[in-house]
Amino acid sequence: MTKRNHQDPEVKALHERISSLSAAILRISASLDVETVLREVVDSARALTGARCGVIATIDEAGQAQEFIISGLSPEEEQQVGAWPDAMQLFEHLRSLDAPLRLADLGDYVRTLGLAPGLIPCRTFQGTPMRHRGLDVGNFFLGDKEGGEEFSDEDEEVLVLFAAQAAIAIANARSHRDEQRARADLETLVETSPVGVVVFDAQSGDPLSINREAKRLLGSLLGPDRSLDDLREVLTSRLADGREVTLDQLRDAETLRAAEVELSVPDGRSLRMLVNATPIRSGEGEVESVVITMQDLAALEELERLRAEFLGMVSHELRAPLAAIKGSAVTLLEEARRLDAAETREFYRIIVDQTAHMRRLIADLLDAGRIDAGTLSVDPEPREVPVLVEQARTTFLSGGGRQAMRIDLPADLPQVMADERRIVQVLGNLLSNAARHSPESSPIHIGAVRDGIEVAISVTDEGRGIPPERLPHLFRKYADTAGREREHAGFGLGLVICKGLVEAHGGRIRAESAGPGLGTRFTFTLQVAGEARTNADARPSSTDVHPSDKGREPIPVLVVDDDPEMLRYIRDTLFGAGYAPVVTGEPEEVATLIRAKQPQLVLLDLVLPGADGIELMQTLPEVSDLPVIFISAYDRDETIARALEAGAADYIVKPFSPTELTARVRAVLRRRAGAEPFVLGNLSVDYDRRLVTVADREVRLTPKEYELLCILSINAGRVTTYDTLLRQVWGNGSDGNTAPVRDFLKKLRRKLGDDPAKPAWIFNERGVGYRMPRPGEG
């Protein structure tokens, strides 16, 4: 009887323990939020083992710290644990163990590892690594069992059980996150695709999903009075041979590829589409849905029409001078005896003039072809802007130009990097364009102004102006053929060639007009020649045409592109220009290559396998520290604007010439070098002379103080994070310790006389980093 009475409390305690364990597991399984699950794991394990405190520290697939869940510690103790410099080393050590660890005195154990034990908030301890399918996902610790006792075997079993539950929860959460991210990426890709995508239910024929482009296309057919739900009832589909195709036929047919289909509605409106249809089958082979993609052929048909019109105009423009040459030659051969000397000279003059005219036309065609092929080359050298303008003016006037010119060039305008013949050609084309679209009585204005490390040159007329909707299309090859005045010779290639030549110099060109009748201004930019480089010890870079001068190591440039041909093309171009290209097609290798090779610039493809270039630039710290030039076949204005607004230094549209690529690379490296002195109020930083002054008084800085100021001033206008400063100045990754940055910034401010309470130059962005305003910012 006594024995039975003695066993009853043990059985009762066991039942209670099992009941508590089951209840805890149910609570853990009830949530999909990983932080909630981990906190429930810690709290339940503490309650079942009598531990005063518990900690779960998780790591990601790369071994970097992620969640840090603490339970049972006071705020002061939590702060101590967070500030313990050896915490990560202890966690790494415990993760390397093959089995759980129980200790009577954690401090003694830590001392045997050579770590500092002063901030450990517990004495008795048990811990275990958390693993899922052989991969480490973190650590689980419990400390200070009630009554000062050591943890028991039963406590260890509870710890291991809950660690396994936590590891499963973490793995499931990450799988769910990855699945959601992949789904979101796919949905975004489909939704933003320029191709219309519709998924139909195979049984009912109703649309299951429609992307934005499909809604636009089909909505234009259905009109405002009908919805997409009416699609099946009102839409008729016909193949190019006139046969009608229904959804049922698409469902029963094999896949349809690149079929020209006309979609129409009862009121007679129609669209011609390039359609692909793919049935989606279940595991049993039954068709569950049909995916239809559609591309509007109107744009391709319009392009073909413009191309045909362009070719017709080429034939006309070449035929006219040929007819004049032939007519003059025939007359000279057959009527030579009847012609006097003056008439003979006139026929010879016609032959010479028309031959020159044909030569110009053919040269324009060849230049346009080189631009399309990305092989247009230039040879920039330091040139005076007034000399270029004067040559263009003289050529224009000698060619019959009659408009007066008003030239406004500042006396202190610096030299620019220009291929003299090509930039005179650009100016000549712009002058001819201005003369063609404005009356002879109105002057043409030529101006230039320095803009940072560039000079902006403008040609302005007072003519008929350009409607706003036409401005984005002016520099396209076939944009200006429709409605062109036939009396003007030429193929409409002048602006196309201007754009290609300017971009080959690393510049940009744009057109501005307030509207019809209000004139037009064309502005293009050229790089300033002779930009000085910054201190080589701080940021090795070069602004020379050839970056591998004697005594200087070639500048490393990282190229990331999954196209092997493009990768080889860029590598050969950069190598030939004197740079040291580092190439990869794998986004996963980028961070490692940057740390190993220390490139000064990244050429990054916009779309990579499994990665978005803009997201990579914004989220990968190693990339965000460097200037990025995007290389992409996408030339939509909104795509380019998105990349530049995200922080890209430049954007190059494929295909591009070697000259344009190297010019753009040089321009970005010059901007990164900060060759122009930085002046903000009384503060001046002369990078070339490594000289810092306040109110013309020299301020002596240590190397690290000077480097901090350089990085902040070069990135003026945006926040420079603690992590960025730690990497670029100290060469360390972030370990959460921002004290060195704060200490050196405090000394730097003191030397500059910048009051932290009312800063004029260096502003603290709490918890993030520091920011300096751009010169001229209020």
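**Close-up views of a predicted model**

**View A. Asp144 is buried, at 19% relative accessible area.** Buried stands for under 20% relative accessible area, exposed for over 50% and partly exposed for what lies in between, with a 1.4 Å probe and protein chains only. The model is predicted, with residues numbered from 1 along each chain as its sequence is written, and side-chain values use heavy atoms, leaving out hydrogens and water. Local features need pLDDT of at least 70 and side-chain atom pairs count only at pLDDT 80 or more, while totals for chains, interfaces and linings use all residues. Arg52 forms a salt bridge with Asp144 (a side-chain nitrogen of Lys or Arg within 4 Å of a carboxyl oxygen of Asp or Glu), and the closest N and O atoms are 3.2 Å apart. Arg52 sits in strand 1 (residues 51–59) and Asp144 in strand 5 (residues 135–145), so that distant parts of the chain, 92 residues apart, are linked. Helices (H or I, at least four residues) and strands (E, at least two) are DSSP runs, numbered from the N terminus. Arg52 is partly exposed, at 30%.

**View B. Asp105 and Arg123 form a salt bridge.** Their closest N and O atoms are 2.9 Å apart. Asp105 lies in the loop between strand 3 (101–103) and helix 5 (106–112), and Arg123 in the loop between helix 5 and strand 4 (125–132); the pair links distant parts of the chain, 18 residues apart. Asp105 is buried, with a relative accessible area of 16%, whereas Arg123 is exposed, with 51%.

**View C. Arg508, Asp650, Glu660 and Arg664 are linked in a network of salt bridges.** Between Arg508 and Asp650, the closest N and O atoms of the salt bridge are 2.5 Å apart. Because Arg508 lies in the loop between helix 14 (494–504) and strand 17 (509–512) and Asp650 in strand 25 (residues 650–653), the pair ties together parts that are 142 residues apart in sequence. Asp650 is buried, at 7% relative accessible area, and Arg508 is partly exposed, at 34%. A search of the whole structure finds 35 salt bridges.

**View D. Asp562, Asp563, Glu586, Glu588 and Glu589 form a negative surface patch.** Residues of a patch have over 30% relative accessible area and no salt bridge; like charges are joined within 9 Å, and nonpolar side chains (Val, Leu, Ile, Met, Phe, Trp, Tyr) within 5 Å. Glu589 is placed in the loop between strand 20 (580–584) and helix 16 (590–597). Glu589 is partly exposed, with a relative accessible area of 37%.

**View E. Arg742, Lys746, Lys747 and Arg750 gather in a surface patch of positive charge.** Lys and Arg count as positive and Asp and Glu as negative, without His and the chain ends; each charge is placed at NZ of Lys, CZ of Arg, CG of Asp or CD of Glu. Lys747 belongs to helix 23 (residues 739–752) and is partly exposed, at 38% relative accessibility.

**View F. Val583 lies in strand 20.** Apart from neighbours within four places in sequence, Val583 is in contact (heavy atoms within 4.5 Å) with Val559, Leu567 and Arg571. Its C-alpha atom is separated by 9.9 Å from that of Val602, 19 residues apart along the chain. Val583 is partly exposed, with a relative accessible area of 32%.

Methods: Accessible areas come from the Shrake-Rupley method with a 1.4 Å probe; for residues, only the protein chains shown count as cover.
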